[in-house]
Amino acid sequence: PHARMEGCEHYERNCTLVAPCCSKVYPCRVCHNAEENHEIDRHAVKEVECTKCKTRQPVGKKCRNCDVVFGSAYFCEICRFFDNKDKGQFHCIGCGICRAGGKDNFFHCDHCGLCLPKTLQSTHKCIEKASRSNCPVCMEDLHASRDPCHIPNCGHLLHSPCFRSMLQNGSYRCPTCGKALVDMEDNWRHLDEEISRTPMPDEYKDVKTKIICKDCNKESTE
């Protein structure tokens, strides 16, 4: 049997977690971390409570008392993760946590330390433990975040919502290295046209200086 839809704003499931750190009951780890001054170790959770019959019991796929399935679409015994919605969840041994989006659509890069879309398998820039840091925009965790990561050509990860927010505010450069996050060729062409229509004063027209392009690291004289 399946219980009525339960859960929180983060996940739909038919059980709550008993936090091993403080013994409090929360719908999910995100709810716990938002309320407490410490973070829950998802792998250390030993007990859950059934939302239908309120029976507290060891972690399992279904209730020992009323037989309700805790996660009708997905259950990971390693992460103590339950979900009633199918999001293409899968457990990645390399990442040590569950991911969403379909296992067949991703590969795990051991050097970067995270799962990446297969479309980037031969083209992504490897950066050691790329996700084991905080987003340079919001300073929140990247590796275990529920928000997807944007992967620019420079390889410095940031949350996709943070990336979109940067673009909306007219910021187009990586906060880590300063390289362009998007193709800026049209912008550079427009700037060149503006400069050509704005001649320098006579006293500066022959002045030259060396510059280095942040995107290609090539030196030129202007």
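I began with aromatic pairs: rings of Phe, Tyr and Trp (its six-membered ring) pair if their centres lie within 6.5 Å, and planes under 30 degrees apart count as stacked, over 60 as edge-to-face and the rest as tilted. With that rule in hand, I found that Tyr-11, Tyr-74 and Phe-81 form one aromatic cluster.

Before going further I noted that this is a predicted model, in which local features need pLDDT of at least 70 and side-chain atom pairs count only at pLDDT 80 or more, while totals for chains, interfaces and linings use all residues. I also noted that residues are numbered from 1 along each chain as its sequence is written, and that side-chain values use heavy atoms, with hydrogens and water left out.

**Entry: rings**

I counted the aromatic pairs by the rule above, and the count comes to five. I then looked up one of them, Phe-75 with Phe-82, and the pair is stacked because the ring centres are 5.0 Å apart and the planes stand at 25°. For accessibility I used these cut-offs: buried means under 20% relative accessible area, exposed over 50%, and partly exposed in between, with a 1.4 Å probe and protein chains only. Phe-75 counts as partly exposed at 21% relative accessibility, whereas Phe-82 is buried at 0%.

I went back to Tyr-11 to look for a charge over its ring, which requires NZ of Lys or CZ of Arg within 6 Å of the ring centre and within 35 degrees of the ring normal. Arg-146 lies over the face of Tyr-11, at 4.8 Å from the ring centre.

**Entry: the open sheet**

Four strands form an open sheet in the order β2-β1-β3-β4, and the pairing is antiparallel. Because β2 (25-26) and β4 (56-58) stand at the edges with a single partner strand each, one side of each is left without a neighbour in the sheet.

I followed the bridges next. Strand β1 (residues 15-18) is joined to β3 by four bridges, and Val-18 has Glu-47 in β3 as its bridge partner. Glu-47 also stands opposite Pro-58 in β4, while Val-48 stands opposite Gln-57 of β4. Strand β3 (residues 47-50) pairs with β4 over three bridges in the antiparallel sense, and these two strands form a hairpin with five residues between them, where Lys-54 in the turn has a positive phi of about 65°.

In the segment before β1 I found Asn-14, which is buried with a relative accessible area of 1%. I checked its side chain for a polar contact, a pair of N or O atoms within 3.5 Å; within protein, one must be able to donate a hydrogen and the other to accept it, and residues adjacent in sequence count only if both atoms are side-chain atoms. Such a contact, of 3.2 Å, joins the side chains of Asn-14 and Asn-84.

**Entry: strand β9**

Four bridges pair β9 with β10 in the antiparallel sense, and Phe-106 has Pro-117 as its bridge partner in β10. The two strands form a hairpin with four residues between them, and Gly-113 in the turn has a positive phi of about 80°.

**Entry: positive phi values**

Most residues other than glycine have a negative phi. I therefore looked up Arg-80, which is not a glycine and has a positive phi of about 55°, and which counts as buried because its relative accessibility is 16%. Arg-80 has its place in the loop between β5 (74-76) and β6. Met-139, in the loop between β10 and β11 (149-150), has a positive phi near 65° and counts as exposed at 52% relative accessibility.

Conventions. Pairing = 2+ DSSP bridges.
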